[in-house]
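Dear colleague,

Here is the structure you will be working with. My notes follow it.

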Amino acid sequence: MASAVVFIRWESYASGLSGQGLFASHPLTYNSSQERLQHLASGDSLWLVSRNPDDRQYYFIACLSVSTRGLNATGSSLEREFGRFSVIADLSKSHDLGKRFPAEGLLRAFQFESNKPINFGANLGQSLQTIRFLSPTDARVLQAGLIRILNGEDRLLDAPFGLWTKCDSVFAEYFLRNWQVRGDPLAFLLYDSPPALRFGAPVFIHSDKSLRLVAAFRESQFVSGHKYTVDPGERLAERERVWLAYRARTVDPPRKPDFDSFWERQNGVRALFIMDKLLPVSVSSPFKIYGRALEWGYPIGVGYRYLTLSQCLLLLRSASVPQHVNEAYLGPLV
């Protein structure tokens, strides 16, 4: 089944053909001058995007389940005002979303079937004047978002779906080499509190001014005894536990004195998270490029940052992750 996205004026959504709103019109119909509308078939989805005049924000205001296609009569008032082509939707399977599903972040992250994403800074309304068909991944993300919105999870787009972090290049190389040789989960040590993420969420590791690795999140742990105020014996015991459990048996581990020094800096290691399924980023993606897409300034002194769903999609796209791998990382998101 196909899914497509197209822009509709807020006035048209609010008024519809009956003057009482799009969903008050019977039958529920979307009209366009674009012949591409006729590529949709029964059971396909048509997502309508509009910009609210009050807050100037873009929303997925409706998801229409196509029932049949239609043609407005040549020379009719409908053709003159709304266009020649139309789809009639199944009202029982269509959804009036209003302002519940913000659209801008996801739309700028999508690649669409054409592999031509919307350029950063481009006007969304103008970019969607032409009907755009979604890639299977894009369609899957939107459908999952719809289900969550209908279930009352209105904070879908604000929830932490992934993690961005950074490390020295020597550690990035160490992580990748160990994963390729051993295939065992690896621990990333933090001075920060442990991240709270769902199992399998994507982790993006930045090193040497570029995005270097993508991994899958497994679990996180507090590290006891990280403060100088605790019993020195507990502090030492915890350092040795982490060394023996997560570093000593790895390929080319850091020297023990270097590990101990790392542990003691900045009041000690506070937490760690476990990751696996490491994938090198084959296409160089410098922060000055993908950071613009995230609308971030460079995060100085930040151990990690949570990523929203749309930010995860943007980074997967920036990393040129192959489609089948992309799907694997998206699994826990949708």
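Two residues are in contact here when they have heavy atoms within 4.5 Å of each other. Leaving aside residues up to four places away in sequence, Ser285 touches Ser210, Leu211, Tyr290 and Ser318. Ser285 belongs to strand E12, which covers residues 271–286. Ser285 counts as buried because its relative accessibility is 4%, and the cut-off for buried is under 20%.

Please keep in mind that this is a predicted model. The mean pLDDT of the protein chain is 86, and 91% of the residues score at least 70. By element, the mean is lowest in helix H11 (residues 323–330), at 63, and highest in strand E6 (residues 95–96), at 96. Where pLDDT is low, the predicted coordinates should not be read in detail.

On the overall fold: the protein chain holds eleven helices and 13 strands. Its C-alpha trace spans about 85 × 35 × 30 Å along the principal axes. Of the 334 residues, 52% are buried. Among contacts between residues at least 6 apart in sequence, 72% join residues at least 24 apart.

Regards

How values were computed:
Residues are numbered from 1 along each chain as its sequence is written. This is a predicted model: local features need pLDDT of at least 70, side-chain atom pairs count only at pLDDT 80 or more; totals for chains, interfaces and linings use all residues. Side-chain values use heavy atoms; hydrogens and water are left out. Helices (H or I, at least four residues) and strands (E, at least two) are DSSP runs, numbered from the N terminus. Buried means under 20% relative accessible area, exposed over 50%, partly exposed in between (1.4 Å probe, protein chains only). pLDDT is the predictor's confidence in each residue, from 0 to 100.
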